[in-house]
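I opened this model to look up a few residues and to keep a record of what I found. My entries follow in the order in which I made them.

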Amino acid sequence: MKKIVFASKNNGKVNEIKKMLASYDIEIVSMKDMGIDIETIEDGSTYEENATKKAADVAKLCNEIVIADDSGIEVEYLGGRPGLYSARYAGEHGSDEANVTKLLEELSGVPIEKRRARYVCSLVAILPDGTKRVTSGEWRGLITEERHGTQSFGYAPIFYDPVLNAYNDELSEEMRYAVNHRGKALREMMKVLNIENRD
């Protein structure tokens, strides 16, 4: 069974990755599991650049496949913001709650048909021989006018999928992983790395 180190200190994200890839013939381990404690400065101009920096930094410290992602939510009405700054939209020490509040305030009074948005994920794998692989995924929807649900993190409480006629936070984990940006990028990466799905 192949081992993959996921380059993130975000436990919520690491646990989500493990659930998304539970049916694949791999073992997902965190930086903490590997005894790696480094901080990558995410100052790239694209999601891929940031993900590459994170994966490359961790890959220098182990001899395993290392995967990192960078993701964000882009609102059409705001010219693509928050984008790369989604996690720190309300400031470097902001929170999910503060980020959501700021976005809702910026869209105050904007009609629902103009609140189109998409989640974007860029996934980068660095192999032990230094080879780099890249995949991506997106999930399109609308930013709602108020919060719905409290089960997920990030901007989930204000994201609505008109195709599914459901709010992000109301979807089952299985359904969310099937349609969201990170799930799409991960499944594509498994194909690229020739990792078999046991299901």
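I began with Ser-30, which is buried at a relative accessible area of 10%, where buried means under 20%, exposed over 50% and partly exposed in between, with a 1.4 Å probe and protein chains only. I placed Ser-30 in strand 2; helices (H or I, at least four residues) and strands (E, at least two) are DSSP runs numbered from the N terminus. Not counting residues up to four places away in sequence, I found Ser-30 touching Val-5, Phe-6 and Val-14, a contact being heavy atoms within 4.5 Å. I also looked up the C-alpha atoms of Ser-30 and Ile-65, which are 35 residues apart along the chain and separated by 12 Å.

Two notes on the source belong here: this is a predicted model, in which local features need pLDDT of at least 70 and side-chain atom pairs count only at pLDDT 80 or more, while totals for chains, interfaces and linings use all residues. Residues are numbered from 1 along each chain as its sequence is written, and side-chain values use heavy atoms, with hydrogens and water left out.

Next I turned to the nonpolar cores, each a set of buried Ala, Val, Leu, Ile, Met, Phe, Trp, Tyr and Cys residues joined through side-chain atoms within 4.5 Å. The largest has 21 residues, of which Ile-4, Leu-21, Ile-26, Ile-67, Met-190 and Leu-193 touch the most other members. The elements giving two or more residues to this core include strand 1 (2-6), helix 1 (11-20) and strand 2 (26-30), and helix 5 gives the most, with 4 residues. Leaving aside neighbours within four places in sequence, I listed Ile-4, Leu-21, Tyr-24, Ile-26, Ile-67 and Ile-195 as the contacts of Met-190. I then noted a second, separate core of 20 residues, which includes Val-110, Ile-143, Leu-171 and Val-179.

Arg-115 was my next stop, in the loop between helix 3 (96-106) and strand 4 (116-126).

I then checked the cysteines and counted 0 disulfides, a disulfide being a pair of cysteine sulfur atoms within 2.5 Å. The sulfur of Cys-62 is too far for a bond, because the closest cysteine sulfur, in Cys-121, is 19 Å away. Cys-62 counts as buried at 15% relative accessibility, and Cys-121 counts as buried at 1%.

My last entries concern the backbone. Most residues other than glycine have a negative phi, and most peptide bonds are trans. I noted a cis peptide bond joining Arg-81 and Pro-82, with omega about 0 degrees, and Pro-82 lies in the loop between strand 3 and helix 3. Asn-165 has a positive phi near 55 degrees, lies in the loop between strand 6 (159-161) and strand 7 (166-167), and is exposed at a relative accessible area of 56%. Asn-194, in the segment after helix 5, has a positive phi near 60 degrees and is exposed at 68%.
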